[in-house]
Amino acid sequence: MNDDLTSFQDKTRLFFSTHMKYTHPLVIAAGALLLFGGLYLVTRTKAPSSQVFADPSANEIRVGFVGPLTGNAAAFGLPIQKSVMLAEEEINRSGGIHGKRIKVIYEDGKCDPKEAVTAIQKLINVDHIVMSIVSCSGEVLAVAPIVNEKHIPIISPIASVPDITTKGGEYTFRLYPSDALAGKVAAQYATEDLHAKKVAAISENTDYAQGLRGAFTTSFKSAGGEVAFDEVFNSGTIDFRTLALKIKDAQVDAIYVVPQTPTSGIIVVKALKDQGLTQPLLTGEALIGDAIVKDNKDVLEGIRSFDVYFDEQSAGRKHLVEAFRQKFQEELAFPSLMMDGYTSLYLVKDMLEKQGEDGQKIQQGLATLTHWKGGALDDVTFDQYGDIKWNAYALKEARNGKAETLKVFQVK
């Protein structure tokens with residue numbers, strides 16, 4: 001059969017190459033039909049090879065990723081993406097999920113609600129994902145109504161806004177604890193360790209920054225302190241001289257700075273120091289990543305942050321640090337955030353293996369998850385709202401271009 005087909009094709013091609021310029025168009029069309037039609041009639045009697053005609057997606061499970069891959073927030077979005085890529089590579093190298101490859105489709109949500117909605121709709125309606133990792137708080141709040149309606153479970157490695165607890169819905173889960181805890185930790189430190197009676201708060205007008213600011217100021221007031229200055233600035237603001245002078249006049253004991261991204265935070269801290277303010281500067285996790293501190297050594301020297309405790313002695317975290325270094329030839333820029341990004345995909349893997357690709361069953365599996373160990377985390381339990389149960393925080397300080405851990409303590 002194959003020899004006859006080859007002979008037929010060769011003779012037909014010879015005919016076209018010799019006579020085409022002298023032949024009527026109808027004859028050419030008939031010849032083409034004979035060539036390709038004959039090819040079809042001959043080959044259709046043979047069973048098609050699965051390697052040629054199989055749908056590539058049939059042997060893969062698609063998972064979404066929405067996070068800031070461009071813009072200022074990419075400073076932590078890209079490192080988190082890399083941690084997920086590492087997990088994706090490891091999972092597929094070890095056999096995937098019941099023999100299927102896991103395929104993560106990465107979309108740029110830019111920490112912007114509108115961009116996040118566009119991204120999740122594309123992932124659900126075009127890529128047909130079964131689950132998704134969604135990064136920023138604003139992204140999570142924006143996509144929550146959609147994923148709840150479509151029964152697409154999402155896991156966030158970094159979303160921390162307290163509102164997610166009540167507005168995230170039953171298909172939203174997060175590995176990063178609520179800022180209701182982080183703000184309380186900062187207020188606890190300001191009150192008990194610094195003995196501060198009066199503080200100033202400077203925060204960016206974003207979901208993340210306002211959630212952290214609200215938790216801090218509420219807790220500090222509850223402890224008997226005074227918030228003498230509480231200023232909110234819009235993203236893109238670059239002149240903070242007037243604001244710094246107002247804080248100077250307020251004569252506070254400590255200053256709490258909460259930016260959305262390292263870029264805006266560095267500008268604020270520099271303005272404060274340029275005006276000679278020497279009070280303790282407190283902040284969240286976004287401003288004290290290892291790479292940020294190294295690259296802005298002079299500006300950030302002495303600033304203190306409150307971050308999820310990253311236990312470097314844990315076997316899972318030791319593996320993450322070394323595997324990331326080998327793959328990307330760099331260190332973890334934001335250890336706690338990247339720890340959760342890496343773990344998110346391993347949790348996705350575990351749910352898909354145990355619950356299949358049914359979103360409702362996956363949701364039930366996550367909702368009842370207790371003391372789960374995987375990725376770089378040793379004990380994951382979700383409460384009734386999908387929030388991870390967590391209370392270990394680290395106090396870090398920027399010293400000589402490094403983020404040094406000063407103290408590890410529990411939320412009271």
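Predicted model: local features only at pLDDT ≥ 70, side-chain atom pairs only at ≥ 80, totals over all residues.
**Checking the labels**

Modeller: Asp-340 has its place in helix H15, which covers residues 335-355.

Biologist: Why does Asp-340 have no salt bridge?

Modeller: A salt bridge needs a side-chain nitrogen of Lys or Arg within 4 Å of a carboxyl oxygen of Asp or Glu. For the charges, Lys and Arg count as positive and Asp and Glu as negative, with His and the chain ends not counted. The nearest side chain of opposite charge to Asp-340 is Arg-317, 7.3 Å away. Asp-340 is also buried, which means under 20% relative accessible area; over 50% is exposed, and in between is partly exposed (1.4 Å probe, protein chains only).

Biologist: Which residues is Asp-340 in contact with, leaving aside its neighbours within four places in sequence?

Modeller: Contact means heavy atoms within 4.5 Å. The residues that Asp-340 is in contact with are Pro-157, Leu-175, Tyr-176 and Leu-377.

Biologist: Why is Phe-216 called buried?

Modeller: Phe-216, found in helix H9 (residues 207-222), has 1% relative accessibility, so it counts as buried. Of the 412 residues of the protein, 52% count as buried.

Biologist: How do you know that the side chains of Arg-93 and Glu-89 meet in a salt bridge?

Modeller: Their N to O distance is 3.2 Å, and the limit for a salt bridge is 4 Å. The two residues are 4 apart in helix H4 (residues 74-93), which means that about one helical turn separates them.

Biologist: Why is Arg-93 called exposed, and why is Glu-89 called partly exposed?

Modeller: Arg-93 has 60% relative accessibility, so it counts as exposed. Glu-89 has 34%, so it counts as partly exposed.

Biologist: What makes Glu-357 and Lys-100 a salt bridge?

Modeller: Their side chains meet at 3.3 Å, N to O. Glu-357 lies in the loop between H15 and helix H16 (359-367) and Lys-100 in the loop between H4 and strand E2 (101-108), so the pair ties together parts that are 257 residues apart in sequence. Both count as partly exposed, Glu-357 at 43% relative accessibility and Lys-100 at 27%.

Biologist: What parts does the salt bridge of Glu-397 with Arg-304 tie together?

Modeller: The closest N and O atoms of this pair are 2.8 Å apart. Glu-397 is in strand E13 and Arg-304 in strand E10 (residues 304-308), so the bridge ties together parts 93 residues apart in sequence. With a relative accessible area of 9%, Glu-397 is buried. Elsewhere, salt bridges that share partners join Glu-89, Arg-93 and Lys-327 into one network. The whole structure has 19 salt bridges.

Biologist: How do you know that strands E13 and E14 pair?

Modeller: Two strands pair if DSSP finds at least two bridges between them. E13 (residues 392-399) and E14 (residues 402-410) have 8 and pair in the antiparallel sense. For one of these, the partner of Ala-392 is Gln-410 in E14. The two strands form a hairpin with 2 residues between them, and Asn-400 in the turn has a positive phi of about 50 degrees.

Biologist: What joins strands E3 and E4?

Modeller: E3 (residues 131-134) and E4 (residues 154-156) run parallel and are joined by 2 bridges. Ser-132 has Ile-154 in E4 as its bridge partner.

Biologist: Why do E2 and E5 stand at the edges of their sheet?

Modeller: The open sheet has 5 strands in the order E2-E1-E3-E4-E5, with parallel pairing. E2 and E5 (172-174) each have a single partner strand, so one side of each is left without a neighbour in the sheet.

Methods
Residues numbered from 1 in each chain as written. Heavy atoms only, no water.
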